[in-house]
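Dear colleague,

I am handing over the structure below, and after it you will find what was found there. Please read the notes alongside the model.

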Amino acid sequence: MVSTPEPADWDEAEHVVSDAYFPHTLTPLARGSEPHVNVRSLQLGPLRLARIGWGAEVAVDSDHPGAYAVNIPLSGHIESVAAGREVSSAQGQASVFRPDTAARITRWTEDCEIVGVKLDRDYLDREMHRILGRPDLGLPDQVDLTSEAGQSWMALLQSVVEQLRADEGLWRNPLVADQLSGALTSAFVLAVMPNAGAGTAARPRIVKRVLDRIHEDPAQPWTTADMADLAGVSVRRLQEGFREYLGVCPRDYLLDLRLERIHEELAAGDPATTSVTDVALRWGMTHTGRFAAAYRRKYGVAPSATLRG
């Protein structure tokens with residue numbers, strides 16, 4: 001992990017930690033206090049790991065642009081407010097902050113040092129969908145790491161950090177970084193949501209048949225009746241199957257899939273030659289107003305913002 005020299009003042013401390021983890025606004029809570037910051041960070045594919053201690057009691061405000069933050073106290077505790085919900089986390093727990101959502105750590109105690117895990121939003125959403133088969137799920141506001149699965153994940157996290165520290169040249173290889181980040185992410189999802197994917201492996205044939213077909217061609221003007229015909233069941237039976245095994249109705253699943261494809265194309269597109277409307281139409285989104293609203297709900301920004309990078 002990359003270590004950073006101790007900052008000379010609070011402005012420099014804010015700048016250093018912003019570069020290492022998330023951009024934020026820092027407020028010292030004790031009058032006349034001075035920073036004694038310990039910061040180390042490591043980029044691992046779509047993950048960033050950071051170990052942060054301020055050496056003083058502070059408050060931190062951040063929108064966590066584009067990524068989830070999982071803050072794990074190794075000592076002390078953090079108290080936070082996000083979306084009207086209050087969370088206090090100490091050892092054995094982790095506070096989770098959602099992407100592009102204003103959050104405030106109202107009290108980061110003087111003795112608190114955390115391991116922070118920054119998870120790219122799109123990457124984690126895809127992994128949760130792949131592992132759990134549930135595009136409707138989100139991470140909880142707080143994670144219990146005292147469970148057997150939580151302790152196993154923490155052990156894996158610590159072993160990866162130690163391994164990377166021993167051979168930093170190895171993790172710079174993209175293949176190695178992807179494998180390690182994938183292992184950490186999969187283990188994290190299974191640890192914090194152990195029951196969310198129950199039954200996923202046993203999806204009925206009617207659901208799998210429809211999923212396979214719409215993944216092949218999500219731009220086709222699918223209706224729920226079309227999907228039911230493909231599965232050879234009634235619309236009601238198909239809807240029951242999707243809700244039971246995926247937690248959403250067929251139309252919502254299709255919408256989420258189309259938004260993923262559109263997002264990928266916009267993120268890779270050239271604003272000079274790519275039109276948001278053309279991309280949306282190409283993936284079957286014929287109502288531009290509803291598309292824009294759904295895209296903002298899923299990704300937190302307008303489609304045009306993704307295209308502009």
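Angles between axes under 35 degrees count as roughly parallel, over 145 as roughly antiparallel, 65 to 115 as roughly perpendicular and the rest as oblique. The axes themselves are lines fitted to C-alpha atoms, for helices over the stretch in contact, and the angles run from 0 to 180 degrees between N-to-C directions. Helices (H or I, at least four residues) and strands (E, at least two) are DSSP runs, numbered from the N terminus.

This is a predicted model, in which local features need pLDDT of at least 70 and side-chain atom pairs count only at pLDDT 80 or more, while totals for chains, interfaces and linings use all residues. Residues are numbered from 1 along each chain as its sequence is written, and side-chain values use heavy atoms, with hydrogens and water left out.

Helix packing

Helix 7 and helix 8 (residues 235–246) pack with their axes 9 Å apart and at an angle of about 90 degrees, and helix 7 and helix 8 are therefore roughly perpendicular to each other. Their contact (heavy atoms within 4.5 Å) is made by Thr 224, Ala 225, Met 227, Ala 228 and Ala 231 on the side of helix 7, and by Val 235, Leu 238 and Gln 239 on the side of helix 8. Taking Ala, Val, Leu, Ile, Met, Phe, Trp, Tyr, Cys and Pro as nonpolar, Asp, Glu, Lys and Arg as charged, and the others, Gly among them, as polar, the contact of helix 7 with helix 8 divides into 6 nonpolar, 2 polar and no charged residues.

Helix 7 (residues 224–231) also packs with helix 6 (residues 205–216), at an angle of about 120 degrees and with axes 9 Å apart, which makes helix 6 oblique to helix 7. Helix 6 brings Ile 206, Arg 209, Val 210 and Arg 213 to this contact, and helix 7 brings Met 227, Leu 230 and Ala 231. By class, the contact of helix 6 with helix 7 has 5 nonpolar, no polar and 2 charged residues.

Cavities and a pocket

The search used a 1 Å grid over the protein atoms alone, where a cavity is a set of points at which a 1.4 Å probe fits but cannot get out, a pocket is an open set with protein on both sides within 12 Å along at least five of seven lines, and lining residues have an atom within 4 Å of a point. Grid points are joined across faces, edges and corners, and a volume is the space filled by probe spheres set on the points.

Across the whole structure there are 4 cavities of 30 Å³ or more. The largest cavity holds about 160 Å³ of space, and of its 18 lining residues, Tyr 21, Val 60, His 64, Asn 71 and Ile 105 lie nearest its centre. Strand 5 (58–62), strand 6 (67–75) and strand 10 (103–108) each supply at least two residues of this lining, with strand 10 giving the largest share, 4 residues. The lining of the largest cavity has 13 nonpolar, 4 polar and 1 charged residues.

The second largest cavity holds about 100 Å³, and its lining divides into 5 nonpolar, 2 polar and 3 charged residues.

The second largest pocket has a volume of about 280 Å³, and its 15 lining residues include Arg 251, Leu 255, Arg 258, Gly 284 and Met 285, which lie nearest its centre. Helix 9 (250–268) and helix 11 (288–299) each give two or more residues to the lining of this pocket.

Best regards
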